[in-house]
Amino acid sequence: MPELPEVEALKDFLTENLVGHEMVRVLPVAISVLKTYDPPLTAVEGREVVAVHRHGKFLDLETDGGPHLVTHLARAGWLHWKDRLPDGPPRPGKGPLALRVALETGAGFDLTEAGTQKRLAVYVVADPQEVPGIARLGPDPLGEDFDEERFAALLKNERRQLKGALRDQTLIAGVGNAYSDEILHAARMSPFKLAASLTPEETQTLYRALRTTLTEAVERSRGVAAGRLKSEKKSGLRVHGRTGEPCPVCGDTIREVSFSDSSLQYCPTCQTGGKLLADRRLSRLLK
């Protein structure tokens, strides 16, 4: 799933390649991708893109005097930029193509979604806050106003485990499964540690790991073409998606805990005092 660093990089890429250009056609291929109907999708056609914004994991294309075209790439969605789009309209079918945006220059981009769980979402709204997922977002962890004091206040009464708390978009916007693993590894904390149990020193450590991990990931992605962002993300991950490989810090074997629809990776030596986490649903630390 694209998370804050990748969506930030897509925002920068589209700012460079899209702003100042007119969206002449916006063609839905998978009707399920459209989550709004008023204004219609055609309301953004013929309008110039004046800015590109990021809200958590949402991309927001602002048009001149008109509505915003907002998208969430969900777990398996992606944006593919094309300097020259194919001639003719795309054909509906069982392929991954969900939406095509064509510019007056002949360039544009496709939104695609792999797999059978179609969760990619597109909205046309007068104000991004009309999108329910954006309205519910917590603070941006890279925002100037997101200081250690604010972070501590968010976790103070949080009774969930750190892994779940970091992934909650209503608590902190933009962090998902991959970067929550990376942040916890950098902080040397168990994903199952209760958020409210952190000492002030541990809270400071986690805050610094959060900011540093995301900032470094954004810097790695900056300037990378849209088509290469996925591989860039994977190359920069230390533990996520690296089950069975040696930890780059201590050399211990990276372990995994699987759930019904996701998994997490961690280093026992760095994060759990050498203890293994039970690999089953509703896992807890082995006593």
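Student: What is a salt bridge here?
Tutor: A salt bridge is a side-chain nitrogen of Lys or Arg within 4 Å of a carboxyl oxygen of Asp or Glu.

Student: How many salt bridges does a search of the whole structure find?
Tutor: The search finds 15 salt bridges. Please note that this is a predicted model.

Student: What is the mean pLDDT of the protein, then?
Tutor: The mean pLDDT is 93, and 97% of the residues reach 70 or more. Over residues 281–287, however, the pLDDT is below 50. That stretch has 17 contacts in the model beyond near neighbours in sequence. Where pLDDT is low, the predicted coordinates should not be read in detail.

Student: Back to the pairs. Which side chain meets Arg-100 in a salt bridge?
Tutor: Asp-110 does, with an N to O distance of 2.7 Å. Arg-100 belongs to strand E6 (residues 97–103) and Asp-110 to strand E7 (residues 108–113), so the pair ties together parts that are 10 residues apart in sequence.

Student: Is Arg-100 buried or exposed?
Tutor: Arg-100 is buried, at 8% relative accessibility. Asp-110 is also buried, with a relative accessible area of 5%.

Student: And what does Glu-158 form a salt bridge with?
Tutor: Its partner is Arg-160, and the closest N and O atoms are 2.6 Å apart. Arg-160 also meets Asp-168 in a salt bridge, at 2.7 Å from N to O. Arg-160 is partly exposed at 34% relative accessibility, while Glu-158 is buried at 12% and Asp-168 is buried at 18%.

Student: Which residues do salt bridges with shared partners join into one network?
Tutor: One such network consists of Glu-8, Lys-11, Asp-12, Arg-54, Asp-140, Glu-219 and Arg-222.

Notes. Residues are numbered from 1 along each chain as its sequence is written. This is a predicted model: local features need pLDDT of at least 70, side-chain atom pairs count only at pLDDT 80 or more; totals for chains, interfaces and linings use all residues. Side-chain values use heavy atoms; hydrogens and water are left out. pLDDT is the predictor's confidence in each residue, from 0 to 100. Contact means heavy atoms within 4.5 Å. Helices (H or I, at least four residues) and strands (E, at least two) are DSSP runs, numbered from the N terminus. Buried means under 20% relative accessible area, exposed over 50%, partly exposed in between (1.4 Å probe, protein chains only).
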